[in-house]
Amino acid sequence: GDYQTAVEIDGVAFVRDFETVRHAVAWEGAATVVGTTPEAPHLPEFLRNFRTGTFHRHYVPVALLARHEHAFLVRRTSAAVLTQGEMRDSSQTVRRLQELREACLIFRLCYRFSELSAVTMHNSLNSAFRQVLHLDRMTEELDADVETFGDHLRQLRKSEESRKEEEKHRRYYWVTVIGAGALAGLTMFSITKESLGIFIHEGAPGAVEQ
């Protein structure tokens, strides 16, 4: 049989600013109910034409903006996942991080609105969509992903700098060892040459007399 929903169902936000106009927002969709009350049995003109007028001009754009932000966050949080190969390549990590930061900045400056209107009902409906679609939580998670990428990138750079520094010290060590050996050999050669020169110089007269 059909599901019987609870009176205070979780995951649904209600906007009850007016007795004659009510909104219900859920993950699966939203509904607007316009009706009379015992105290006001006759609807005014603008409420009788609410669906063809106010609803399409004001309330549908609120829903579209919320869905647009949700689609962006889903796409960007999915794109925020790096492969192991990309995580080992600092250049790819930098490029992905720059793209992600730029996309988030452009979206926030151009398309994201915490408050949409000077009308309470419009902002209340917007708040309900943000709550149900978890837009603020997803934004925080995206910010955390970007920060995690930044930390990973800093670690990559630090490791790369350490590796280069170690390589430089290793080359310097062998240059020092080879240089010291060459210097020692040159010194011994010079000493030997001097000793042989002295020996030959001192032994030359005897050789002539014989």
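Residues are classed here by relative accessible area, with buried meaning under 20%, exposed over 50% and partly exposed in between (1.4 Å probe, protein chains only). The structure is a predicted model, in which local features need pLDDT of at least 70 and side-chain atom pairs count only at pLDDT 80 or more, whereas totals for chains, interfaces and linings use all residues. Residues are numbered from 1 along each chain as its sequence is written, and side-chain values use heavy atoms, with hydrogens and water left out.

The secondary structure of the chain comprises six helices and three strands. Helices (H or I, at least four residues) and strands (E, at least two) are DSSP runs, numbered from the N terminus. In order from the N terminus, the elements run β-β-β-α-α-α-α-α-α. The chain has 210 residues, of which 24% count as buried. Among contacts (heavy atoms within 4.5 Å) between residues at least 6 apart in sequence, 63% join residues at least 24 apart.

Confidence is expressed as pLDDT, the predictor's confidence in each residue, from 0 to 100. The chain has a mean pLDDT of 76, and 71% of its residues reach 70 or more. Confidence is highest in helix 5, at a mean of 92, and lowest in helix 6, at 64.

The strands are considered next. Two strands are taken to pair if DSSP finds at least two bridges between them. Strand 1 and strand 2 (residues 21-26) pair in the antiparallel sense over four bridges, and a hairpin of five residues joins the two. Within this pairing, Val15 has His23 of strand 2 as its bridge partner. The hairpin between strand 2 and strand 3 passes through two residues, and Val25 has Ala30 of strand 3 as its bridge partner.

Helix 5 has 13 residues and reaches 18 Å from its first C-alpha to its last, close to the 18 Å expected at 1.5 Å a residue; the expected span is 1.5 Å times one less than the number of residues. Buried residues of helix 5 include Met121, His122, Asn123, Leu125, Asn126, Ala128, Phe129, Arg130 and Val132. Just after this helix, His134 takes a positive phi of about 60°. His134 is placed in the loop between helix 5 (120-132) and helix 6 (135-209) and is partly exposed, with a relative accessible area of 36%. For comparison, most residues other than glycine have a negative phi.

A search of the whole structure finds eight salt bridges, each defined as a side-chain nitrogen of Lys or Arg within 4 Å of a carboxyl oxygen of Asp or Glu. One of them links Arg22 and Glu19, whose closest N and O atoms are 2.8 Å apart. Arg22 is partly exposed at 27% relative accessible area, whereas Glu19 counts as exposed at 58%.

A further salt bridge is formed by the side chains of Glu69 and Arg112 (3.0 Å, N to O). Glu69 lies in helix 2 (residues 51-79) and Arg112 in the loop between helix 4 (90-110) and helix 5, so the pair ties together parts that are 43 residues apart in sequence. Glu69 is buried, with a relative accessible area of 3%, while Arg112 is partly exposed at 24%. The side chains of Arg130 and Asp136 likewise meet in a salt bridge (2.8 Å, N to O). Arg130 is buried at 7% relative accessibility, and Asp136 is partly exposed at 38%. Salt bridges that share partners join Glu69, Arg112, Arg130 and Asp136 into one network.
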